[in-house]
Each structure stands twice: as structure tokens, then as C-alpha cells.
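Here is a brief report on one protein model. It covers a pocket, the fold, a salt bridge and a surface patch.

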Amino acid sequence: YEDRQKGLGEKFLTSINLRIQQILVNPEYFSVKSKPGFHEALAKNFPYSIVYKIYRKQRVVLITSIHHQKKHPRTKHRN
């Protein structure tokens, strides 16, 4: 994104980091989408989703991918 416009890469990172902070505060807020057990949170202003799993017993949130919305959906779910 930085190659497209100066400062846009920083805006992208800020968008992703803010969404990750929201996930950590309330991981149940974002819904389970196409594959059971995987939640997806859309990045604000960018075509990316943050895909993650919640391990309640261990109190862990595992981000499995940051996936571009135009890529094949099969590639976004990784264990």
C-alpha cells in the first residue's frame, strides 16, 4: 500500500492493529463465518479479514491468517 500512496501502508497497519486489539478485548464479538470454529473480523477501510480461533480453556486467541477478500476463500482457514 505504501507504493500506491505515501502513508497508506501505515494506515493499513493501524487498521489491522486496531481490529486485533478489538478481538483481544472481546473475541466473541465477531461471528463465526464459513468454517466452524473460525471467527472473522473485517479490517476497516481495507479489503482484508482477520481470521482467528478461540481456545477458551487456554484463554488464547490464535490469529490464523490475515486474508485479502479477493483471494480464494479456501486459503484463509489454517490450523
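## Largest pocket

Leu8, Lys11, Thr14, Ser15, Leu18, Arg19, Gln22, Lys44, Asn45 and Phe46 line the largest pocket. A pocket here is an open set of points on a 1 Å grid over the protein atoms alone, with protein on both sides within 12 Å along at least five of seven lines; lining residues have an atom within 4 Å of a point. The space inside is about 160 Å³. That volume is the space filled by probe spheres set on the points, with grid points joined across faces, edges and corners.

The lining has three nonpolar, four polar and three charged residues. Ala, Val, Leu, Ile, Met, Phe, Trp, Tyr, Cys and Pro count as nonpolar, Asp, Glu, Lys and Arg as charged, and the others, Gly among them, as polar.

## Basis of the model

The model is predicted: local features need pLDDT of at least 70, side-chain atom pairs count only at pLDDT 80 or more, and totals for chains, interfaces and linings use all residues. Residues are numbered from 1 along each chain as its sequence is written, and side-chain values use heavy atoms, with hydrogens and water left out.

## Fold and burial

The protein chain has one helix and three strands. Their order from the N terminus is α-β-β-β. Helices (H or I, at least four residues) and strands (E, at least two) are DSSP runs, numbered from the N terminus.

Of the 79 residues, 35% are buried. Buried means under 20% relative accessible area, exposed over 50%, and partly exposed in between (1.4 Å probe, protein chains only). His39 sits in strand 1 (residues 38–42). His39 is buried because its relative accessible area is 5%. Its C-alpha atom is 5.7 Å from that of Val51, twelve residues apart along the chain.

## Salt bridge

The whole structure holds one salt bridge, defined as a side-chain nitrogen of Lys or Arg within 4 Å of a carboxyl oxygen of Asp or Glu. Arg56 pairs with Glu28; the closest N and O atoms are 2.7 Å apart. The pair links distant parts of the chain, 28 residues apart. Arg56 is in the loop between strand 2 (48–55) and strand 3, and Glu28 in the loop between helix 1 (8–25) and strand 1.

Arg56 is exposed, at 55% relative accessibility. Glu28 is partly exposed, at 42%.

## Nonpolar surface patch

Tyr55, Val60 and Leu62 form a nonpolar surface patch with about 210 Å² of accessible area together. Patch residues have over 30% relative accessible area and no salt bridge; like charges are joined within 9 Å, nonpolar side chains (Val, Leu, Ile, Met, Phe, Trp, Tyr) within 5 Å. Areas come from the Shrake-Rupley method with a 1.4 Å probe; for residues, only the protein chains shown count as cover.

Leu62 belongs to strand 3 (residues 60–68). Leu62 counts as partly exposed because its relative accessibility is 35%.

Definitions and conventions
On a 1 Å grid over the protein atoms alone, a cavity is a set of points where a 1.4 Å probe fits but cannot get out, and a pocket is an open set with protein on both sides within 12 Å along at least five of seven lines; lining residues have an atom within 4 Å of a point.
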